[in-house]
Amino acid sequence: MRLFFVHIFVACSNQVMRIFVIFFALGVASLQQQADLPETYCLWLGLALGLLAMGWRRLTQSPRIIYLALSLSGLALGFVWAAAMAHTRMADALPLANEGIEISMTGVVASLPQTMERGLRFEFDVEASTVPVPSHISLTWNRNPHAELASPRAGERWRCTVRLKRPHGNVNANSMDFEAWLLERDIRATGSVRLSDPHTLERLDELVWRPGYLVERVRQNIRDRFLAALPDAPYGGILVALAIGDQQAIAPDLWQVFSRTGITHLMSISGSHITMLAALAYFLSAWLWRRSSVLPLYVPVQHAAAIGGLAAAFAYCLLAGFAVPAQRTLYMLAVVALANLARREMAPSRVLALALLVVLLYDPWAVLAAGFWLSFGAVALLLLVGSGARERMHWFKEWGRAQWAVTLGMLPALLALFQQFSLVSPLANAIAIPLVGIVITPLAVAATIPVLSMLLPLANWLTELLMWVMQFLAHLPIATWQQAAPPMVLVIAALLGGAWALLPYGFPARWLGILAFIPLLSFSPQRPDTNAVSVTVLDVGQGLAVHVQTATHDLLFDAGPAFSADADSGNRIIVPYLRSIGVRHLDMLIISHADRDHSGGAESVLAMVPVAQIKSSLPFEHPLSAQPIKQTDCVAGEAWEWDGVRFEVLHPDEALIAERVNHVTNDLACVLKISAAGKHLLITSDIEAVGELALVARRDKSLVADVLVVPHHGSRTSSTPEFIAAVGAREAIFPVGYRNSFGHPRADVVARYFASGANLHRTDKDGAVQVSLSNDSVKLVHQRDIARRYWHD
């Protein structure tokens, strides 16, 4: 390991170090795309290759060979470093045998507790436990009305009983990888504290005196004081985020406003905020140092100011929670400060490269975060356009040039990561950057000092003024451009085209770079052919949401569960998925019945995606029944055809619908049969044994299907032998949540389908399941197979 760092130091000590760092980053990123970690002997071979390539460059004077050697060395060493770190982290895993059992443990609340609808969530450092568990976990603390227990605070030591499970997240196309997010934060298990028995729960220490825990306690005290001072302020959470980096304090609906106006980067502690604070500390330190007649004789003013600015930046980064943009800025400032102390000049690009290297050495999983690419990419673009400045420009022209560079250069990345970019971003940032960076943020940071809390009302008033403008811009019809997630080849082509267009004056035909954006902006994903259909059973946890797509139509069957008052399958999973595949409106939304695990995300879908009509068996008093959209009952016998694909409702019948108020909702669940090219798929929602037997009696042969979405998630009250035999499906899909509290699917039900000869698919194990019916063929694809990574359970 010592030899590893020696060679990295040698590579970074000369003018070609930028080549090495770029390929080191590519090596790290390459490892994070692997489905399996390489064996140990492969790491030794990679290390040997990297060191040999490093030595090779010292034996030649040819620039081409030197660049080739540095590229190979950086690629190999970056891959090996990320793999070695991954092996270490993955080894700290929760044994399968310890999932779901009660475990007594002692540990420390290691992070700022986050408020949820039903309680708190926080990270926990395990010090001792009755069985082997990971050293760092995430716990939820649900409110217990029968227990008079104070909520845990950061830095406290507790003895508690918990139930844990291995990291697991929903896996859908172009969705957030929750398991990757947990891995990056070194959270190797999640679970909940058992509050039913107060005797198993005890606070052992009010505060554990370690630097990290002290910082988290300070952050929590500041947040509590801010929220207490602004109890009714709708934007008080923004000030909390600007002061201590707690983005969870911001109301969820505000993130839509930030996204549509392109100011998301300002609504937490960003590089510009840290640079601003460091600059203020630099000038203040210099002013104070000059007041002394003795101190400058020992330490020059410039050196003292550099140390003061760096110290302020470091303190602010600690308050920020040390996110990637904060790390990047701190390391860049540290390099500049050290160069100042050593009386050396350093090119800005080398400063950025060194900061990139330090970030990846500290956290090789940083490449999985969108903020990593956006943060370093934006600074690189500013350096690119700044390097071509032939003379000092007017500040307004210089600002406009920087805005153009960031807007053009970041556009491909924004489309790849979020499938949208803001058209009003230049105007919004022109207003927000000076107001947030120069006024609001300094006021919020100053208010973290208790004696300066009187600054909070002023900061809040300015924030309200800013948000009034941002709300206006966000609601403009032209606020955003949205499209499907583009292929990586189009993204890379546009990035290269943008770099070419932003080259300094004098380079020929720079305008040709703009042409590389045309394929990116005009991309439209392929849809099924006529007489074919694509059906995707989304991974929404314990619930159901199915997207059906024909050549020109889109249907959503059910909308998954609600997770909390602000989060549900609609806004977290379904809408991002639809946006990523280019669906801008739905021709029909079917809500099979009123259960929350099927209708919980419907309101979010209706609020964010235009829907032509709703078909359901909902009771009249259900909130969705009041939506100002054409609505019809889901009644057996209804049928329609889109693009050569036939849709037929098989259940409930008219008599059952007419008496809907007297029946349990599962009895009313809609059943939809989809037929294309001689193949059939049956979506059964939550029907139970009574409904199944009624269908068998009424329909018999019309129930036959090649693919079956299993009734009621594989519960014990459904999937009767008669129904399974009548359908005769060769493919059975269980829409279930990982280790759900209902125990779905039941083992005897799974055995029943297995005995029938069906191939079994589960969303908790396979992720989203995509079914294609076309040309007399049935094809099924699992999203976890397509996007498999080494950290997936």
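The lining of the second largest pocket has 11 nonpolar, 7 polar and 4 charged residues. In that count Ala, Val, Leu, Ile, Met, Phe, Trp, Tyr, Cys and Pro are nonpolar, Asp, Glu, Lys and Arg are charged, and the others, Gly among them, are polar.

Before going on, a word on the model. It is predicted: local features need pLDDT of at least 70, side-chain atom pairs count only at pLDDT 80 or more, and totals for chains, interfaces and linings use all residues. Residues are numbered from 1 along each chain as its sequence is written, and side-chain values use heavy atoms, with hydrogens and water left out.

Back to the pocket. Its volume is about 490 Å³. A pocket here is an open set of points on a 1 Å grid over the protein atoms alone, where a 1.4 Å probe fits, with protein on both sides within 12 Å along at least five of seven lines; lining residues have an atom within 4 Å of a point. The volume is the space filled by probe spheres set on the points, which are joined across faces, edges and corners. Of the 22 lining residues, Arg 260, Gln 420, Gln 482, Arg 579 and Met 608 are the closest to the centre of the second largest pocket.

Which helices each supply at least two residues of this lining? They are H8 (252–261), H17 (456–474) and H21 (569–580). H8 gives the most, with 4 residues. Helices (H or I, at least four residues) and strands (E, at least two) are DSSP runs, numbered from the N terminus.

H17 also packs against another helix. The axes of H7 (residues 236–244) and H17 come within 9 Å and cross at roughly 110°. H7 is therefore roughly perpendicular to H17; that term covers 65 to 115 degrees, while angles under 35 count as roughly parallel, over 145 as roughly antiparallel and the rest as oblique. Axes are lines fitted to C-alpha atoms, for helices over the stretch in contact, and angles run from 0 to 180 degrees between N-to-C directions. The contact, meaning heavy atoms within 4.5 Å, is made by Gly 236, Ile 238 and Leu 239 of H7 and Leu 456, Ala 459, Asn 460, Thr 463 and Met 467 of H17. By class these are 5 nonpolar, 3 polar and no charged residues.

The next pair is H2 (residues 17–31) and H13 (residues 348–362), whose axes come within 9 Å and cross at roughly 30°. H2 and H13 are therefore roughly parallel to each other. Residues in this contact include Met 17, Val 21 and Phe 24 of H2 and Ala 353, Leu 357 and Leu 361 of H13. The contact of H2 with H13 divides into 11 nonpolar, 1 polar and 2 charged residues.

Now the backbone. Most residues other than glycine have a negative phi, and most peptide bonds are trans. Where are the cis bonds I want to show? One runs from His 651 to Pro 652, with omega near 0°, and another from His 744 to Pro 745, with omega near -5°. Pro 652 is in the loop between strand E17 (645–651) and helix H24 (654–658). Pro 745 is in the loop between strand E21 (731–734) and helix H27 (747–755).

Asp 643 has a positive phi, near 55°, and is placed in the loop between strand E16 (639–642) and E17. Its C-alpha atom is 8.4 Å from that of Asp 529, 114 residues apart along the chain.
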